[in-house]
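Here is a short tour for someone meeting this model for the first time. Keep the 3D view open and follow along.

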Amino acid sequence: MRNILLIALLLLLFPAPSHADACSTGTLNIIASSDTPFTLPTFNVGQMVKLEAVPTGITITSLTWTIDGPLIKDYNERVGEASSGPLLWSTTPLTTADLSASPVTFYWKPSPSQVFPLNGGPVTRNVTLSAVAAGTTCTITKTFNVERNTTDGRKQANDFYTSNHQAPTETVAGKGIVIDDHLDWHDFPATRLSSAPQDFFVFHRSFIARFNSWRAEFGYGPVIPWYPGTPYPPGIDDVAYAVRDAAFSTDQNQLFRPFTIAGGNVDPFLGPIAQQRLADFADANSLDGAFEGSYHGFVHCNVGTGTLPTGGVTFIDPLRGTMVFGDMCNFSSPKDPVFYPWHDFVDLVYANLCAVKGLACPGTPAPATDVWMADNAADLAANGSVPSPPPHYISPDIWNRTSPVACAPPTAGTGITRNCGSSADHENPIAGRTNYLYAMLRNDRPAATDAVYTEVAVYIANASTGLAWPANFGGGVAGIPLDETRHLITLYLPAGQTTAVGPLPWIPPNPSPSDHWCLYIRVLNVQDTIGTETADIDANTGGSNSIAWRNLKIVTATGMMRKWPFPGFDGLGAFLIRNIRTDATPIDLSIYVPEGIAKPGTVRLQLSPRLATLVVRSKAKIEGFRRPKTWETTKAAPYVTLTVVGERAVIRGIILKPGEAMPVAVDVAHQKLGHGTIVVEQASGGKVEGGVVLQVGRPHEIQYKPDK
Ligand SMILES: [Cu+2]
């Protein structure tokens with residue numbers, strides 16, 4: 001028994017030499033080998049294969065190889081030397097002379113069943129050697145398998161690509177010419193490779209494109225970009241070289257604010273620079289000056305560890321000395337498979353710059369698409385056609401949660417590539433602690449193509465209905481979004497798909513002087529124009545399906561925003577009505593309380609004495625309210641109370657001076673409320689100017705405490 005085990009073990013360690021065929025007075029054999037890992041009889045596509053004729057006891061005078069294809073003799077992956085100038089991807093076939101010599105080397109290509117998106121498993125390829133020895137022709141045939149491996153971490157596209165074409169003097173296993181060229185470009189700019197000293201983006205674009213040429217040649221799909229604000233891409237974990245930081249933080253590796261289309265405040269990791277957004281950079285060199293040594297190096301060294309792993313190897317960088325081979329934190333980084341998805345993302349930042357600045361950059365920009373977010377139910381039903389009908393301040397495509405939710409992965413058949421819930425899950429944001437915004441991004445308009453890179457930028461202002469873009473949303477030329485807007489960067493949303501994005505962590509501000517806040521949302525994608533924006537946020541939102549708007553109410557964690565002066569009642573919200581016009585056009589203030597939310601006759605509007613006086617003075621019409629007993633206020637009863645009788649009530653024709661603002665509050669008799677929204681809306685001259693949506697009936701919704 002023990003001997004049988006030993007023999008089995010020996011057979012595993014030393015596979016039996018392949019069978020040689022008798023030929024004349026001796027034997028003839030074929031030996032197949034490679035300089036990268038293989039297990040006979042199987043080779044991988046894109047792997048160098050070396051076949052040798054091995055005669056024993058005879059002398060071969062001529063030979064011919066017949067090798068099942070498809071295959072190529074060789075390829076050139078170099079992007080170009082200083083002396084040659086730029087080079088194109090090229091391949092060479094095996095010639096008759098090559099097939100008449102031993103050894104012969106070549107690269108097997110995939111069979112049609114193995115070409116992305118297919119990968120039908122290993123395919124049999126025969127090799128026949130005809131050799132003439134002492135006037136006798138002998139023939140031997142060997143059968144091999146060719147696979148496009150997807151499971152072995154030493155046998156993936158990047159492994160072969162970076163190992164092939166090793167310099168004859170190279171001693172580090174797996175260090176091929178691709179790694180050498182990347183080192184050369186960084187260490188000796190413009191002296192060895194075809195490259196100007198500062199063309200960081202152009203060089204890396206050609207470097208990634210060259211890998212894509214190799215991938216296409218050998219049946220692999222193109223590289224998919226990876227945004228470091230999201231977890232490592234799945235399925236590329238190269239066990240042989242992944243010298244990775246397992247504690248990589250997606251929060252800390254978000255694109256630095258000035259490198260986004262939306263832009264933002266001073267970035268904590270970058271420090272103050274003159275530019276606030278991508279459009280502030282003059283050209284690619286100016287962006288490179290800020291980007292390469294900061295965000296680019298930051299991500300490289302947050303992925304890499306600089307620590308030699310068990311079984312790892314080092315190499316010598318000619319300028320920097322001994323380093324861990326394959327670590328993302330040095331110039332051998334193309335050995336790590338994540339290098340390519342990461343640099344493909346870097347290339348998207350470059351593509352964004354080219355588009356927003358109208359620069360002439362190499363390559364073809366992505367085709368136009370029409371990403372959008374809905375303004376209201378009617379807009380959703382009309383699939384985002386422009387203009388959308390009012391009201392515009394109730395977008396169902398952004399909502400708040402007070403704690404993060406687990407997002408479901410793509411759901412088959414629903415058209416939702418990622419599901420984090422919906423507007424129905426909205427919870428009023430709680431001031432002073434971290435809340436989480438989620439949004440729905442849609443790419444299902446008729447003219448849609450894949451949306452390559454999309455930012456959903458969220459801006460906030462303390463709402464009155466007289467808000468102006470961008471003055472009240474951070475000012476400047478294009479506002480300042482919420483700091484963590486970069487959590488909503490989405491790559492490659494396919495045509496015809498919608499997806500939930502988020503969470504965007506944010507800390508809602510103190511709900512003072514009004515607890516009614518306004519979120520203005522811009523979908524930024526260089527394949528889609530947002531349209532002309534004016535100061536009028538209602539016109540902007542209705543006129544562009546890339547702009548959305550949601551008003552919401554911010555509450556306090558303690559439940560004590562202020563003392564509610566009416567025993568037995570809960571405050572639902574306090575906000576301002578404001579004349580946003582330059583004349584005294586009368587304003588209508590309406591409230592909508594859907595059936596089933598509260599008992600009839602228990603929801604009230606509370607008017608301040610000054611507003612009550614103006615309502616009387618304007619001879620405003622009161623519809624759907626129980627009329628107050630008196631329009632006078634006293635110290636004991638400092639507000640005028642209008643009780644909503646049915647579902648809808650309106651005060652028609654309040655005259656305010658231009659710019660004048662008046663506080664209004666809504667409360668409800670203490671009771672268990674149904675789940676839904678109470679909407680208060682302001683209109684003038686037949687046009688809705690704004691409104692506030694009061695979410696009720698969920699935990700956190702009622703945060704005022706009755707006065708005691
Ligand atoms: Cu890099």
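Ser-24 is partly exposed, with 18 C-beta neighbours inside 10 Å. In this predicted model, look for Ser-24 in the loop between strand 1 (21-23) and strand 2 (26-33). Its backbone is worth a glance: the phi of Ser-24 is near 55°, a positive value in a residue that isn't glycine. For background, most residues other than glycine have a negative phi.

Ala-134 has a positive phi too, about 50°, and it is not a glycine either. You'll find Ala-134 in the loop between strand 12 (123-133) and strand 13 (136-147). Is Ala-134 buried or partly exposed? Ala-134 counts as partly exposed, because it has 13 C-beta neighbours inside 10 Å.

## Two cis peptide bonds

Now for a couple of prolines. As a rule, most peptide bonds are trans. The bond from Gly-69 to Pro-70, though, is cis, and its omega is near 5°. Pro-70 is in the loop between strand 5 (60-67) and strand 6 (71-72).

Ser-102 and Pro-103 are also joined by a cis peptide bond, this one with an omega of about 0°. Where is Pro-103? Look in the loop between strand 10 (90-92) and strand 11 (104-108).

## A buried tryptophan

Let's move to strand 5, where Trp-65 is found. Trp-65 has 21 other C-beta atoms within 10 Å, and 20 or more is what it takes to be called buried, so Trp-65 is buried.

Which residues does Trp-65 touch, leaving out those up to four places away in sequence? The list is Leu-51, Leu-99, Val-104, Val-127 and Leu-129. Pro-117 makes a handy landmark as well: it is 52 residues from Trp-65 along the chain, and their C-alpha atoms are separated by 32 Å.

## A pair of helices

Two packed helices are described by the angle between their axes and the distance between the axes.

The crossing of helix 5 past helix 6 is right-handed. On the helix 5 side, the contact is made by Ala-284, Leu-287, His-296 and Val-299, while helix 6 brings Trp-342, Val-346, Tyr-350 and Leu-353.

## Zooming out

How many helices and strands does the protein chain have? There are 9 helices and 34 strands. The chain's radius of gyration is 34 Å, well over the 27 Å that the globule rule gives for 708 residues, so the chain is more spread out than a compact globule. Along the principal axes, its C-alpha atoms fill a box of roughly 125 × 60 × 45 Å.

The domain assignment gives domain 1 (15-149), domain 2 (177-245 + 267-357), domain 3 (377-553) and domain 4 (563-706). Between the C-alpha centres of domain 1 and domain 3 there are 57 Å. Buried residues make up 44% of the 708 in the chain. As for contacts between residues at least 6 apart in sequence, 73% join residues at least 24 apart.

Conventions: Residues numbered from 1 in each chain as written. Predicted model: local features only at pLDDT ≥ 70, side-chain atom pairs only at ≥ 80, totals over all residues. Helix = DSSP H or I, 4+ residues; strand = E, 2+ residues; numbered from the N terminus. Rg over C-alpha atoms; globule rule 2.2 N^0.38 Å. Buried ≥ 20, exposed ≤ 12 C-beta atoms within 10 Å, placed from the backbone. Contact = placed C-beta atoms within 7 Å. Domains from an automatic or database assignment. Left-handed = near helix turned anticlockwise from the far one by under 90°.
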